[in-house]
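Welcome! Have a look at the structure below, and then let us walk through some of its parts together.

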Amino acid sequence: MTMMGAPKGMRLHIGLFGRRNVGKSSLLNAITRQDVSIVSDQAGTTTDPVEKPMELLPLGPVLFIDTAGIDDVGALGELRAARTLQVFERTDLGVLVAAAGEWGDFEDMILEEFAARQIPTVVVFNKVDLATPPGAREERLREGGCKVVRTAASLGRGVLDFRQALLAAAPADFVDNPTILGDLVGPGELAVLVVPIDKEAPRGRLILPQVQAIRDLMDSDAMALVVKERELKEAIARLTRPPRLVVTDSQAFLKVAADTPPDVPMTSFSILFARFKGDLTSQVAGAQAIEELRSGDRILIAEHCSHHPIGEDIGRVKIPRWLTQYVGGKLEVDHVQGHDFPDPDALAAYRLVIHCGGCTFNRRAMLGRIMRCRQQGVPITNYGLVIAFSLGIFERALQPFPAALEAMHAARARRAGQPAPEPVTAGLPENAAVDDLC
Ligand SMILES: Nc1nc2c(ncn2[C@@H]2O[C@H](COP(=O)(O)OP(=O)(O)OP(=O)(O)O)[C@@H](O)[C@H]2O)c(=O)[nH]1
Ligand code: SF4
Ligand SMILES: [Mg+2]
């Protein structure tokens, strides 16, 4: 099932409420960049709630419900208000739009409706080009648990902050991906997981992402066959039907690519986790920026936890070394760890951010970082994707993810005409890509 084909029930329903003429439809238009709602300066333009299903980056499938302003008087107004009230019942995330200078009982009433239904809330002060929102009220709203943003929707200002606030307020059920790979394999089908066992592997156990992948297959009524890279060929040969998917640690990428029949989709744990813990499509598009790196550019390598690498560290040594060779000149490489991440101004200095697999990170936090990069126009990708890129098997490793492949082609097309530097080496040596989900 594609994301756009997600059933209505699985979409996050975002209800837009507010008085007539405050700019609800303008805000929706700004975020979709399509004129799905009619904007007019006549109060009461939107009569029935307008539904707009969309893929909201980086949150996923959502349904915006643009309601009619409900401070109407008169018969028509009552009818419209009744329809608008029904929208509360199906709203997962409530957005109250207020014009920057106006706040009254009406706004308090909407917030009470949200609170009574325990609907997480974003308050948007719009038209900030005309008036300044009252700071004390913003503070009180924040203290009360609302996310508060300032926008000038008709000018496209604050729209990314609005997206960030939607992400921050969205209920966990919608933010956390339900599955790691079960959806790619399907009930009754088999995935082969390739787990190298060498001195880098922990003694006597598997690492958490591998364990989670096995559990996820079982929860999906699928089957897992776990092998070392040496046994892969023999294991596939014994099967009466090909597996639906082969997943490998990036360390064995090239051997696994060689030993997996071309018609069997193959990827890495790190790429699965880019999707599970973040937004694969954004990070695939971000990887295309590698081709544009030039000598002297600054890049940021972000790891979520401080692990103790055995041998050469993937983030500190191998990726910087390979990128330097690829670019054919010096790069300025900064590192951050744990909860450290540059603020927006500092972030803007980077040409590329490369994030670790984020196996101990939560998705909301990772999506927040992806959003922050997006806001600054800085591409972000991850270890597993950089490794696949460096090995020349990027497309092969993305075969199971058509939407991500599409994003890659789109990113390439945008760059068409700009010369890409020739790779100077064949990529990271096969055994150099240590356990990327460290
Ligand atoms: N100056 C200014 N005007 C805005 C802004 N946002 C919207 N407007 C204008 O305000 C008017 C009303 O905008 P709409 O988006 O139709 O408002 P609405 O809340 O959907 O109105 P109803 O559907 O009638 O409830 C339009 O003329 C917009 O161009 C803003 O940030 N600044
Ligand atoms: S991939 Fe996992 S183990 Fe490695 S730095 Fe990131 S969160 Fe930590
Ligand atoms: Mg409207």
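Q118 sits in the loop that links helix 3 to strand 5; helices (H or I, at least four residues) and strands (E, at least two) are DSSP runs, numbered from the N terminus. Its phi is positive, near 50°, although Q118 is a residue other than glycine. Q118 counts as exposed because its relative accessibility is 73% (exposed means over 50% relative accessible area, buried under 20%, and partly exposed in between, with a 1.4 Å probe and protein chains only).

K127 is found in the loop between strand 5 and helix 4 (135–143). K127 is not a glycine either, yet has a positive phi of about 60°. With a relative accessible area of 28%, K127 is partly exposed.

## How to read the model

This is a predicted model, where local features need pLDDT of at least 70 and side-chain atom pairs count only at pLDDT 80 or more, while totals for chains, interfaces and linings use all residues. Residues are numbered from 1 along each chain as its sequence is written, chains are lettered from A and ligands numbered from 1 in the order in which they are written, and side-chain values use heavy atoms, leaving out hydrogens and water.

Six strands form an open sheet with mixed pairing, in the order 2-3-1-4-5-6. Strand 2 (50–56) and strand 6 (147–150) are at the edges with a single partner strand each, so one side of each has no neighbour in the sheet. From one strand to the next, the twist averages 25°.

Strand 5 (residues 121–126) pairs with strand 6 in the parallel sense over four bridges (two strands pair if DSSP finds at least two bridges between them). Within strand 6, V149 stands opposite V124.

## Helix 13 and its cover

Which residues of helix 13 (residues 314–327) are buried? They are I314, G315, K318, I319, P320, W322, L323, Y326 and V327. Their cover includes strand 11 (298–303), strand 12 (332–337), strand 13 (352–355) and helix 16 (383–390). Just after helix 13, G328 takes a positive phi of about 75°.

## The nonpolar cores

The largest nonpolar core has 65 residues, of which L181 and L398 touch the most other members (such a core is a set of buried Ala, Val, Leu, Ile, Met, Phe, Trp, Tyr and Cys residues joined through side-chain atoms within 4.5 Å). Apart from it lies another core of 44 residues, including L300, L347, L367 and I380.

Terms used: Contact means heavy atoms within 4.5 Å. Axes are lines fitted to C-alpha atoms, for helices over the stretch in contact, and angles run from 0 to 180 degrees between N-to-C directions.
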